[in-house]
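Please keep the sequence and the coordinates at hand while reading.

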Amino acid sequence: MTVLNCIAVDDEPLALKLVETFIEQTPFLQLSCSCDNAVEALSLIREKQPDIVFLDINMPNLSGMELARLLQDQSPPIPKIIFTTAYNHYAIEGYKVNAVDYLLKPFSYEEFLRASNKVLQITEESSNHYQHIATDDDFFFLKVEYQWVRISLKDVLYIESLKDYVKVHLLDSDKTVLSLISLKALEEKLPSPKFMRIHRSFIVSLDKINSISKNSIFIGKTEITVGEQYKEAFKTIVDRWLK
């Protein structure tokens with residue numbers, strides 16, 4: 001059975017205790033830790049790398065919404081966010097930071113379980129795709145809706161992360177392939193001499209790079225920034241090319 005590790009964050013002791021209790025009585029959830037402020041939560045999330053963060057919004061110093069925005073800019077894995085709040089006017093803003101759900105206080109266990117099940121479903125679907133990616137020296141298969149699509153490695157320009165999906169951009173500029181899988185899972189299956197992750201949202205085909213600037217690469221007319229944490233590894237590749 002899939003078990004999702006959780007962190008609960010709320011500055012109200014009774015609200016925090018309720019979320020902790022709901023987590024403990026849900027078989028597929030496991031409480032890693034809890035805290036009463038978003039600043040501490042940011043450090044704990046980076047350390048524990050939870051699957052879910054149950055996150056209050058109105059907190060002092062750093063709000064839950066501000067924390068969620070910070071998480072979107074960090075390197076994967078990025079946890080799924082379920083907001084817990086007494087204010088309904090944050091709902092639209094919550095979905096802008098890719099929150100899976102938005103629980104309005106006081107919420108019932110049924111509502112809590114429904115939100116948690118959404119994360120479980122997303123996680124299991126992504127895991128199933130990962131386990132069944134078929135690869136070979138010259139091609140790989142990705143599941144697209146209800147069928148497996150064969151993709152030739154030589155046709156891949158770059159691969160883009162779109163939240164829980166990846167979009168594979170191909171030589172045929174009018175054709176892309178969208179599959180429910182994480183970029184990390186696909187990265188682990190691709191042959192590293194041919195492909196390289198240069199940004200938290202992009203994997204590129206190295207032999208399709210047309211030009212390189214100080215902080216970016218170009219594939220055709222598409223410019224892709226080289227992320228800070230990937231610069232050193234990419235520089236090693238470039239230095240080898242320029243020898």
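In helix 3, which spans residues 64–72, the buried residues are G64, M65, L67, A68, L71 and Q72. Viewed down the axis of helix 3, these buried residues fall within an arc of 160°, and therefore they line one face of the helix. The background is a matter of helix geometry: an α-helix has 3.6 residues a turn, so residues three or four places apart point the same way.

The model examined here is predicted. Its chain contains 7 helices and 16 strands. Of the 243 residues in the chain, 46% count as buried. Among the contacts in the chain with a separation of 6 or more, 52% are accounted for by residues 24 or more positions apart. The chain exposes about 13300 Å², and carbon and sulfur atoms supply 49% of that area.

Charged side chains come next. Side chains of opposite charge can pair when their charged atoms come close. A search of the whole structure finds 11 salt bridges. Which residues does K105 meet in salt bridges? One partner is E12, with a distance of 4.0 Å from N to O. K105 lies in the loop between strand 5 (101–104) and helix 5 (109–131), while E12 lies in the loop between strand 1 (4–9) and helix 1 (13–24), so this pair ties together parts that are 93 residues apart in sequence. Another partner is D56, with a distance of 3.5 Å from N to O. D56 belongs to strand 3 (residues 52–56), so its pairing with K105 ties together parts that are 49 residues apart in sequence.

K105 counts as buried because its relative accessibility is 17%, under the 20% cut-off. D56 is buried as well, with a relative accessible area of 3%. E12, at 42% relative accessibility, counts as partly exposed. These residues belong to a network of salt bridges that links D10, E12, D56 and K105.

A further salt bridge joins the side chains of D155 and K154, with 3.5 Å from N to O. Here D155 counts as partly exposed at 26% relative accessibility, whereas K154 counts as exposed at 58%.

The backbone at K105 also deserves attention. Most residues other than glycine have a negative phi, and most peptide bonds are trans. The peptide bond from K105 to P106 is cis, with omega near -5°. P106 lies in the loop between strand 5 and helix 5, and K105 lies in that loop as well.

Where do positive phi values occur in residues other than glycine? Q49 is found in the loop between helix 2 (38–48) and strand 3, and at 47% relative accessibility Q49 counts as partly exposed. Another is N61, with a phi near 70°. N61 is found in the loop between strand 3 and helix 3. Because its relative accessibility is 79%, above the 50% cut-off, N61 counts as exposed.

Is S216 buried or exposed? S216 is buried, with a relative accessible area of 6%, and is found in strand 15 (residues 216–219). The side chain of S216 makes a polar contact with the side chain of E223 at 2.9 Å. When residues up to four places away in sequence are not counted, S216 touches E223, I224, T225 and V226.

On the surface, L162, Y165 and L178 form a nonpolar patch, and together they have about 250 Å² of accessible area.

A final example concerns separation along the chain. R200 is found in the loop between strand 12 (195–199) and strand 13 (202–205), and R200 is partly exposed with a relative accessible area of 25%. R200 and P77 are 123 residues apart along the chain, and their C-alpha atoms are separated by 9.6 Å.

Notes: Residues numbered from 1 in each chain as written. Predicted model: local features only at pLDDT ≥ 70, side-chain atom pairs only at ≥ 80, totals over all residues. Heavy atoms only, no water. Helix = DSSP H or I, 4+ residues; strand = E, 2+ residues; numbered from the N terminus. Buried < 20%, exposed > 50% of the residue type's maximum accessible area, 1.4 Å probe, protein only. Contact = heavy atoms within 4.5 Å. Areas by Shrake-Rupley, 256 points an atom, 1.4 Å probe, with all protein chains shown as cover. Polar contact = N/O pair within 3.5 Å; in protein donor to acceptor, adjacent residues only side chain to side chain. Patch = residues over 30% accessible without salt bridge, like charges linked within 9 Å, V, L, I, M, F, W, Y side chains within 5 Å. Arc of directions from axis to C-beta.
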